[in-house]
Amino acid sequence: MNPVYGKVFLVVCCTLLVSVAGAPNACGKMDLKTDPFTCCTIPKLLDVSIVSSCFEKFPIDKDAADKGTGGIPKTECMSECILNSTGIYNNRGDLDEKKLNSVFTDSLPRDSPWLSVVRKAIKECSAKATKKDKEFVKAVADQKKSAGKGATVCNPEASFLVDCIHTTVFSECPLNLRTTTTECDAIWKFLKNCPFSALRQ
C-alpha cells in the first residue's frame, strides 16, 4: 500500500469513532498487539495521486482527531477535497451517486472478489449518510457560526462516506483473503458485533 494512502486510510478510519454512533458497551477497546490492517489488505479504492494531493493540501498528523484551525476536523476537509477532485461532489456540492459508485469500483477488475463487497459498502454507507443529512447540515451551520469570517468550512458527510466505505469494506473482508492468526481471528469475531472504530478507542 502506498505510504501516504496507508497513513491517510489509517487516520481517517480511526476518526470514524467521532463520525459514527457510539459502539455498544460490549465493544470496549481491545488490547491489540496486531495492526488490524495486517489481517486483511484491502485494495486501493481511490486514486492515489488524488489522495496524495488532498493530503498535501490538508495534512493529517497524529493529532488529526483534534480540531483543525477554525474548529474544523482536518479529515473533513481532506475527504471533501477527495470527493470534489473525483467528481463525487458536483459543482453545486451535491453527491453524485453514480460517480460515487464508479470512483470506488473502477480500479477493481470485473472478476475481483472485492467488487460485491465494495458495492454493498457504498450502498450501506450512502443510506447511512442520507439518514444523517440533517446532522451534517447542522454541523456545517455550527462550523460557520464558530469559524471566523472567510474561514474554510468542510462538509462532515465527505469524511463520513470515505471512512464508512473503507471500514465497511475492511470489516467485510472475504474469508479467503483474511490472515488467520489468533489475534486476527479475535478481531474478526469482535467486528461481527462492534464497529471498526471501537478497535481504536
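Contact means that heavy atoms lie within 4.5 Å. Helices (H or I, at least four residues) and strands (E, at least two) are DSSP runs, numbered from the N terminus. The model is predicted: local features need pLDDT of at least 70, side-chain atom pairs count only at pLDDT 80 or more, and totals for chains, interfaces and linings use all residues. Residues are numbered from 1 along each chain as its sequence is written, and side-chain values use heavy atoms, with hydrogens and water left out.

**Exercise 1. The helix pair α6 and α8**

State which residues of α6 meet which residues of α8, then describe the packing.

Step 1. Take the α6 side. V117, V118, A121, I122, E124, C125, S126, K128 and A129 take part.

Step 2. Take the α8 side. The partners there are E157, F160, L161, C164, I165, T168 and V169.

Step 3. Sort these residues. The contact of α6 with α8 has eleven nonpolar, two polar and three charged residues. Here Ala, Val, Leu, Ile, Met, Phe, Trp, Tyr, Cys and Pro count as nonpolar, Asp, Glu, Lys and Arg as charged, and the others, Gly among them, as polar.

Step 4. Two packed helices are described by the angle between their axes and the distance between the axes. The axes of α6 and α8 (residues 156-171) come within 9 Å and cross at roughly 145°. Axes are lines fitted to C-alpha atoms, for helices over the stretch in contact, and angles run from 0 to 180 degrees between N-to-C directions.

Step 5. α6 and α8 cross in a right-handed way. A crossing is left-handed if the near helix is turned anticlockwise from the far one by less than a right angle, and right-handed if clockwise.

**Exercise 2. The helix pair α5 and α6**

Find the angle and axis distance for α5 and α6, and list the contact residues.

Step 1. The angle is about 145°, and the axes are 10 Å apart.

Step 2. The crossing of α5 and α6 is right-handed.

Step 3. α5 supplies E97, L100, N101, F104 and T105, while α6 supplies L115, V118, R119, I122 and S126.

Step 4. By class, the contact of α5 with α6 has five nonpolar, three polar and two charged residues.

**Exercise 3. The nonpolar core**

Which residues have the most contacts inside the largest nonpolar core?

Step 1. A nonpolar core is a set of buried Ala, Val, Leu, Ile, Met, Phe, Trp, Tyr and Cys residues joined through side-chain atoms within 4.5 Å. Buried means under 20% relative accessible area, exposed over 50%, and partly exposed in between (1.4 Å probe, protein chains only).

Step 2. The largest core has 50 residues, and F104, W114 and V169 have the most contacts inside it.

Step 3. α8 gives the largest share of this core, eight residues.

Step 4. Look at W114. Beyond four places in sequence, W114 contacts C40, T41, I42, P43, L108, V169, C173, P174 and L177.

**Exercise 4. Buried or exposed?**

Is E76 buried or exposed? Is N193 buried or exposed?

Step 1. E76 is found in α4. E76 is buried because its relative accessibility is 11%.

Step 2. Leaving out residues up to four places away, E76 touches Q143, C154, N155, P156, A158 and S159.

Step 3. N193 is found in α9. N193 counts as exposed because its relative accessible area is 63%.

**Exercise 5. Confidence**

Step 1. pLDDT is the predictor's confidence in each residue, from 0 to 100. The chain mean is 81.
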